[in-house]
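Here is a short briefing on one structure.

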Amino acid sequence: MNVSEQLLEILQNEGVKHIFGVAGDALNPLIDAIGKQDIIRWIGVHHEGNASYAAFAQGELNNNFGVCASTVGPGALHLINGLYNAKKERSPVIAITGQIPIEHLGTNYHQEADLKKIYDDVCEYQAVIRSPEEAPRVILRAIRIAINHQCVCRIELPADIAKMKAENKDYVHNVFRSKSVTIPIKDDLDNAIKLIDNSLKIAILAGAGCRDAREEVIYLATKLKAPITHTLRASDIFDHNIENVVGLTGLIGNPSGYKAVMDCDLLLMLGTDFPYTDFLPYDTNTIQIDIRPENVGNRSPVTLGLHGDIKTTITSLYSLCAEKKDDSFLKSLTEKFSDWKASNDKKANPARDMEPLHPHIFAKAASDLASNDAIFAIDTGTAAIWASNFMNFHSGRRIIGSFNHGSMAVGLPAAIGAQLQFPDREVWGLIGDGAFNMSLQDFSTAVKYELPIKIIVFNNSQLGFVKIEMEEAGLAPNFEALKVDNFNFAEYAKLCGGDGIKVEHAKDILVAIQMAKNAKKPFIIDAVVTNAELSLPPKIGFEEAKGFGISKIKEIFRAFNGEKEQWENIKQEIEAYFD
């Protein structure tokens with residue numbers, strides 16, 4: 001057994017089923033070892049960045065860690081963006097990178113890169129193997145840290161060591177996985193109860209840290225008559241069917257979610273490091289509970305911080321606090337939320353047959369027809385707006401994306417990783433055309449591995465979210481910079497060996513969604529949609545209104561001076577609004 005085979009054996013023992021990557025020189029001994037067994041599959045992709053996004057998806061969904069691999073310097077650098085996404089989403093991932101032979105390190109050798117320095121910001125720990133004797137110890141340490149800290153760790157395997165005889169075989173053992181819980185001290189819990197019992201209008205802002213405490217948070221909200229506002233990452237924890245849920249806040253939020261947070265007299269922040277400080281109160285009593293104490297008070301002033309896991313801490317609070325009788329605050333917000341949902345249902349009605357089409361009709365149709373345990377890989381940009389506002393992630397549905405890192409091109413590779421991990425579940429990707437163009441080379445990877453992923457490409461020939469950003473900043477959109485030159489994505493799907501359909505008429509939307517749902521091959525819906533759909537935050541302050549107003553004045557001025565694209569944009573926005 002050589003060092004590569006020993007590494008593979010350790011991964012097998014820990015339940016790894018896939019390694020995503022691009023083969024090459026320093027990795028060849030590992031590739032050879034994979035070919036001699038049938039437990040772990042090598043999933044060859046066309047770009048290492050897509051490998052790290054796929055590994056992120058498995059780390060996020062699988063209650064285990066994802067694994068990606070690359071060869072020396074150039075390949076290892078391509079992994080960085082997907083790994084940074086995993087870091088920001090707190091998804092455990094192991095990155096295996098090759099390295100030039102040890103004797104050449106530090107000599108500016110061909111393809112040499114100081115990977116330790118490069119990866120310092122993305123990795124919690126780096127297992128830099130410099131001898132066969134230390135290999136099992138540092139490999140196991142990397143896995144142990146990745147699992148227990150929900151983070152990214154790297155294993156560096158130099159080309160010469162990869163082929164050496166394995167040592168310290170007796171040291172290999174199963175990795176320790178902590179199941180411990182953390183609970184605040186009694187005095188802090190008592191202080192929290194005093195604040196809760198003395199407050200009339202209590203609201204909850206719940207984040208992804210509540211994933212294992214869904215029922216406990218709902219029970220507490222019911223007892224306290226508290227509305228639940230959730231973050232984007234928590235959309236599949238606190239779905240629209242839950243009685244106390246009032247939606248999102250933030251830039252892509254809705255009015256009831258925003259008002260719950262801003263109009264309460266006690267805010268409970270549960271398992272969230274919500275970053276948008278303009279959407280958090282600064283003069284409201286706030287109790288923040290988090291397993292990571294460094295998050296407490298990170299975004300806004302906190303009256304009381306509690307260090308603990310959400311499930312155990314909420315259970316303690318529930319048993320101690322008094323039940324609230326007045327539900328007027330909750331009722332007013334749930335009514336507003338119901339009105340907002342009804343309004344969105346009308347906006348997403350296929351009877352609205354303006355062309356190019358309204359993008360949210362596709363999102364709502366996918367939400368209505370997808371299975372109850374579907375996984376949705378949502379890309380960054382306007383796709384996230386349509387998904388969060390017009391879809392309901394109820395039952396056993398899950399969403400994954402680049403919600404903290406905000407990177408484009410996560411959707412397709414994340415869908416591939418998810419489908420490989422869960423072959424019996426529907427996996428949908430909602431992706432803008434700009435993001436899809438960045439990663440589309442690996443659609444053929446989905447074909448190669450016979451993965452029936454369903455991809456909706458919002459084809460508006462524009463970087464739509466960037467346009468919104470420019471307008472909010474008071475700039476007239478530069479349509480040359482925003483333009484995305486597209487081809488027929490449905491035909492591309494067929495060229496790759498998959499299937500697809502181009503949709504330009506509203507009457508064809510539901511048929512296309514059903515075709516994708518039933519497809520046994522990777523399937524692309526080329527959704528030709530308008531680039532003029534407006535998306536406004538739940539609160540528009542003076543600066544936002546000023547920026548948007550200045551932008552429109554500039555657009556009108558340029559239109560009257562003969563810029564055809566500015567005039568077409570204004571006309572489409574008016575038509576989209578009044579259709």
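In helix H15, the buried residues are Gly411, Leu412, Pro413, Ala414, Ala415, Ile416, Gly417, Ala418, Gln419, Leu420 and Gln421. H15 spans residues 411-421 and is mostly covered, with 11 of its 11 residues buried. The model is predicted.

**Nonpolar cores**

- The largest nonpolar core holds 51 residues. Leu83, Ile400, Phe436, Ile453, Ile455 and Ile524 have the most contacts inside this core.
- Helix H3 (residues 48-61) supplies the largest share of this core, seven residues.
- A second, separate core has 49 residues. Ile218, Val245, Cys264 and Met269 are among them.
- Which residues does Ile524 contact, leaving aside neighbours within four places in sequence? The partners are Phe436, Phe443, Ile455, Val457, Phe489, Ala490, Tyr492, Ala493, Asp499, Gly500 and Ile501.

**A buried charge: Asp433**

- Asp433 sits in helix H16, which covers residues 433-439.
- Asp433 is buried but has no salt bridge. Lys502 is the nearest side chain of opposite charge, and it is 11 Å away.
- What does the side chain of Asp433 make a polar contact with? The partner is the side chain of Asn486, at 2.9 Å.
- Not counting residues up to four places away in sequence, Asp433 touches Val457, Phe458, Asn459, Asn460, Ser461, Gln462, Val484, Asn486 and Phe489.

**Salt bridges**

- The whole structure has 25 salt bridges. Side chains of opposite charge can pair when their charged atoms come close.
- Asp120 and Lys116 form one of them, at 3.2 Å from N to O. Asp120 is partly exposed, with a relative accessible area of 43%. Lys116 is also partly exposed, at 39%.
- Glu156 and Arg130 form a salt bridge at 2.8 Å, N to O. Glu156 lies in strand E6 (residues 152-158), while Arg130 lies in the loop between strand E5 (125-128) and helix H7 (135-149), so the pair ties together parts 26 residues apart in sequence.
- Is Glu156 buried or exposed? Glu156 is buried, at 2% relative accessibility. Arg130 is partly exposed, at 35%.
- Asp236 pairs with Arg211 in a salt bridge, with the closest N and O atoms 3.0 Å apart. Asp236 is in the loop between strand E8 (228-230) and strand E9 (245-248), and Arg211 is in the loop between strand E7 (202-206) and helix H9 (214-224), so this pair ties together parts 25 residues apart in sequence.
- Asp236 is buried, with a relative accessible area of 6%. Arg211 is partly exposed, with a value of 27%.
- Which residues belong to the network joined by salt bridges that share partners? Its members are Glu60, Glu89, Arg211, Arg233, Asp236 and Arg398.

**Pro74**

- Pro74 is found in helix H4, residues 73-78.
- Pro74 is partly exposed, with a relative accessible area of 39%.
- Pro74 and Lys223 are 149 residues apart in sequence. Their C-alpha atoms are 55 Å apart in space.

Notes: Residues are numbered from 1 along each chain as its sequence is written. This is a predicted model: local features need pLDDT of at least 70, side-chain atom pairs count only at pLDDT 80 or more; totals for chains, interfaces and linings use all residues. Side-chain values use heavy atoms; hydrogens and water are left out. Helices (H or I, at least four residues) and strands (E, at least two) are DSSP runs, numbered from the N terminus. Buried means under 20% relative accessible area, exposed over 50%, partly exposed in between (1.4 Å probe, protein chains only). Lys and Arg count as positive and Asp and Glu as negative; His and the chain ends are not counted. A salt bridge is a side-chain nitrogen of Lys or Arg within 4 Å of a carboxyl oxygen of Asp or Glu. A polar contact is a pair of N or O atoms within 3.5 Å; within protein, one must be able to donate a hydrogen and the other to accept it, and residues adjacent in sequence count only if both atoms are side-chain atoms. Contact means heavy atoms within 4.5 Å. A nonpolar core is a set of buried Ala, Val, Leu, Ile, Met, Phe, Trp, Tyr and Cys residues joined through side-chain atoms within 4.5 Å.
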